[in-house]
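Please read it alongside the sequence and coordinates.

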Amino acid sequence: MSDSESDWASEGSKKSVQLRSPDYSVHFEPLDYAVPPPAPLIEIAELRSWSLYRALICEFVAALLFQYINVATIVGYKVQASTDQCDGVGLLGIAWASGGMMFVLVYCNTRISGGHINPAVTFGLMLTRKVSAVRAVLYIKAQCLGAIVGTCIVKGTIEKHAYNSNGGGANMVSSGYSHGTALGAEMIGTFILIFVVFSSTDPKRNAEGSNVPLLMSLPLGFTLFAVHLATFPITGAGLNPARSLGTAVIYNQNQAWDDLWIFWVGPLVGALAAAVYLHYNPRHIFIKPLFDGFEDNPSN
């Protein structure tokens, strides 16, 4: 952490934000916000906290519900489209189902677990010291288990032949695309997603009088919708290692297992890149002084 950022790390530290009208004649009351201190890397005391286990239950259930909606929509669409290419919800429907479900789940779970639902999100927040490594590991385990159970429910409620013949909703590299292309799609798509997470959870949002759960969940839902449209034709839009693992375990076919590394390496590298970008943004100690002489112009 840089010296300029260390001033924010102490609990209760606040910064005043002064807003001015475009004509610079009206001054509003300063708004305060506090940046929480960095989470400890190892926090064993968390294991004795009921709030941690409550959060784990939320992550498990949220991952299960997201997996069910996502996989059931994909398999159902492929079943319908197998007889009529114009039938079913189509790519737009799949993207809306994933984005809409993410919006709802994050909105409902933000106050309890943070609404991660995705190991890449948890990994990115751990790298930026928003959650401890202990909590991150347990979150990822809960998310993966929830995704596996969610896929089990889909397989148990769909005719076996229809499930297996339509890929079981598993993430695999589509025909005509290389593994490098697929890896790049997963990295870039997850980078966008994690960047929006960081932006939506910025403490400055409180200074703007925003409703954090809504502000966080709505952009995430639209981001997942947009990224699905771009990456689904290439990889089936993994973007979530737990989602990919859950379908690979239950579908249990060679290609799903052979391609699984792409859907772990890509999202985790994308999360790492987003964390690095956040740290070396112009706020960094070596860059920020260059901009200290400039003032924001509200009229722009």
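The lining of the second largest pocket comprises 6 nonpolar, 7 polar and 2 charged residues, where Ala, Val, Leu, Ile, Met, Phe, Trp, Tyr, Cys and Pro count as nonpolar, Asp, Glu, Lys and Arg as charged, and the others, Gly among them, as polar. The model is predicted, local features need pLDDT of at least 70, side-chain atom pairs count only at pLDDT 80 or more, and totals for chains, interfaces and linings use all residues. Residues are numbered from 1 along each chain as its sequence is written, and side-chain values use heavy atoms, with hydrogens and water left out.

**Second largest pocket**

- The volume of this pocket is about 190 Å³; a pocket is an open set of points on a 1 Å grid over the protein atoms alone, with protein on both sides within 12 Å along at least five of seven lines, and lining residues have an atom within 4 Å of a point.
- A volume is the space filled by probe spheres set on the points, with grid points joined across faces, edges and corners.
- Of the 15 residues that line the second largest pocket, Lys78, Ala170, Ser174, Phe232 and Gly236 lie nearest its centre.
- Helix H2 (50-81) and helix H9 (212-235) are the elements that give two or more residues to this lining, and H2 provides the largest share, 3 residues.
- Helices here are DSSP runs (H or I, at least four residues), numbered from the N terminus.

**Cavities**

- The structure contains 3 cavities of 30 Å³ or more; a cavity is a set of grid points where a 1.4 Å probe fits but cannot get out.
- The largest cavity holds about 60 Å³ of space, and its lining consists of Met102, Val106, Gly115, His116, Asn118, Val121, Leu193, Val197 and Leu220.
- Helix H3 (90-109) and helix H7 (179-200) each contribute at least two residues to the lining of the largest cavity, which has 6 nonpolar, 3 polar and no charged residues.
- The second largest cavity, of about 50 Å³, is lined by Phe66, Met102, Asn118, Leu193, Leu224, His228, Ala237, Gly238, Leu239 and Asn240.
- Its lining divides into 6 nonpolar, 4 polar and no charged residues.

**Helix H5 against helix H10**

- Helix H5 (residues 133-157) packs on helix H10 (residues 241-251) at an angle of about 45°, with their axes 8 Å apart; axes are lines fitted to C-alpha atoms over the stretch in contact, and angles run from 0 to 180 degrees between N-to-C directions.
- That angle makes H5 oblique to H10, since angles under 35 degrees count as roughly parallel, over 145 as roughly antiparallel, 65 to 115 as roughly perpendicular and the rest as oblique.
- The crossing of H5 and H10 is right-handed, that is, the near helix is turned clockwise from the far one by less than a right angle.
- In the contact (heavy atoms within 4.5 Å), H5 supplies Gln143, Cys144, Ala147, Ile148, Thr151, Cys152 and Lys155, and H10 supplies Ala242, Arg243, Leu245, Gly246, Thr247, Val249 and Ile250.
- By class, the contact of H5 with H10 has 8 nonpolar, 4 polar and 2 charged residues.

**Packing on helix H12**

- H7 and helix H12 (residues 262-279) pack at about 45°, with their axes 7 Å apart, which makes H7 oblique to H12.
- H7 and H12 cross in a right-handed sense, and their contact has 18 nonpolar, 4 polar and 1 charged residues.
- Helix H4 (residues 119-127) packs on H12 at an angle of about 35°, with their axes 9 Å apart, again in a right-handed crossing.
- Pro119, Ala120, Phe123, Gly124 and Leu127 of H4 meet Pro267, Leu268, Ala271, Leu272 and Ala275 of H12, a contact of 9 nonpolar, 1 polar and no charged residues.
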